[in-house]
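Please look at the sequence and the structure before reading on.

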Amino acid sequence: MAKVEWSTGIDHVSGALSKPSKSGQHSCTKMLLATHRTAPTESRDCNRLFLRKKVKRSTPVLADEVARRNRFGAVAQAVNARMKNLASIATDQANFNAQKDEPGGKKTMKSYLWSLELATYDQNH
């Protein structure tokens with residue numbers, strides 16, 4: 001088994017280090033995944049690397065999944081537009097600050113705007 005010694009300042013690496021290209025233009029055909037185990041252990045070898053082949057979907061896309069994708073895309077666009085709308089930024093920030101310390105309040109501005117736009121989308125559809 002290979003051993004990795006990290007440079008100073010790098011404690012661990014986790015996630016996709018390289019992904020296969022969708023268009024096939026690059027030579028990378030497998031995904032390189034790194035994981036870091038955080039369980040208490042005596043061993044210092046808690047980093048693992050995996051190679052994963054490109055996976056082709058075996059089931060068709062259902063109408064429910066298409067509807068969820070469309071909902072996500074529409075709400076994401078609405079949130080981005082609202083974050084750039086100079087007319088509503090001051091009001092949104094004041095309303096966000098008023099609710100963030102309440103029980104069940106959203107802790108980030110983006111999650112607050114997502115909750116507003118999700119409610120608006122669900123009400124209209």
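Where is the place of Tyr112? Tyr112 lies in helix H3, where helices (H or I, at least four residues) and strands (E, at least two) are DSSP runs, numbered from the N terminus. The model is predicted, so local features need pLDDT of at least 70 and side-chain atom pairs count only at pLDDT 80 or more, while totals for chains, interfaces and linings use all residues. Residues are numbered from 1 along each chain as its sequence is written, and side-chain values use heavy atoms, with hydrogens and water left out.

**Confidence**

- The protein chain has a mean pLDDT of 82, and 74% of its residues reach 70 or more; pLDDT is the predictor's confidence in each residue, from 0 to 100.
- Confidence is highest in H1, at 95, and lowest in strand S1 (residues 15-18), at a mean of 71.

- Tyr112 counts as buried because its relative accessibility is 10% (buried means under 20% relative accessible area, exposed over 50%, partly exposed in between, with a 1.4 Å probe and protein chains only).
- Apart from its neighbours within four places in sequence, Tyr112 is in contact with Asp92, Asn95, Phe96, Gln99 and Lys106; contact means heavy atoms within 4.5 Å.
- Between Tyr112 and Lys100, 12 residues apart in sequence, the C-alpha to C-alpha distance is 8.6 Å.
- The axes of H2 and H3 come within 10 Å and cross at roughly 100°; axes are lines fitted to C-alpha atoms, for helices over the stretch in contact, and angles run from 0 to 180 degrees between N-to-C directions.
- H2 and H3 are therefore roughly perpendicular to each other (under 35 degrees counts as roughly parallel, over 145 as roughly antiparallel, 65 to 115 as roughly perpendicular and the rest as oblique).
- On the H2 side, Asp92, Gln93, Asn95, Phe96 and Gln99 meet Met109, Tyr112 and Leu113 of H3.

**Aromatic pairs**

- The whole structure holds two aromatic pairs; rings of Phe, Tyr and Trp (its six-membered ring) pair if their centres lie within 6.5 Å, and planes under 30 degrees apart count as stacked, over 60 as edge-to-face and the rest as tilted.
- Phe72 and Trp114 form a tilted pair, at 5.3 Å centre to centre with 35° between the planes.
- This pair links distant parts of the chain, with Phe72 in helix H1 (residues 63-84) and Trp114 in helix H3, 42 residues apart.
- Phe72 counts as exposed because its relative accessibility is 54%.
- Phe96 and Tyr112 have ring centres 5.9 Å apart and planes at 55°, so this pair is tilted.
- Phe96 is in helix H2 (residues 89-99) and Tyr112 in helix H3, 16 residues apart.
- Both Phe96 and Tyr112 are buried.

**Glu117**

- Glu117 also belongs to helix H3 (residues 109-124).
- Glu117 is buried, because its relative accessible area is 12%.
- Leaving aside neighbours within four places in sequence, Glu117 is in contact with Val75, Ala78, Val79 and Arg82.
- Glu117 and Ala76 are 41 residues apart along the chain, and their C-alpha atoms are separated by 8.5 Å.
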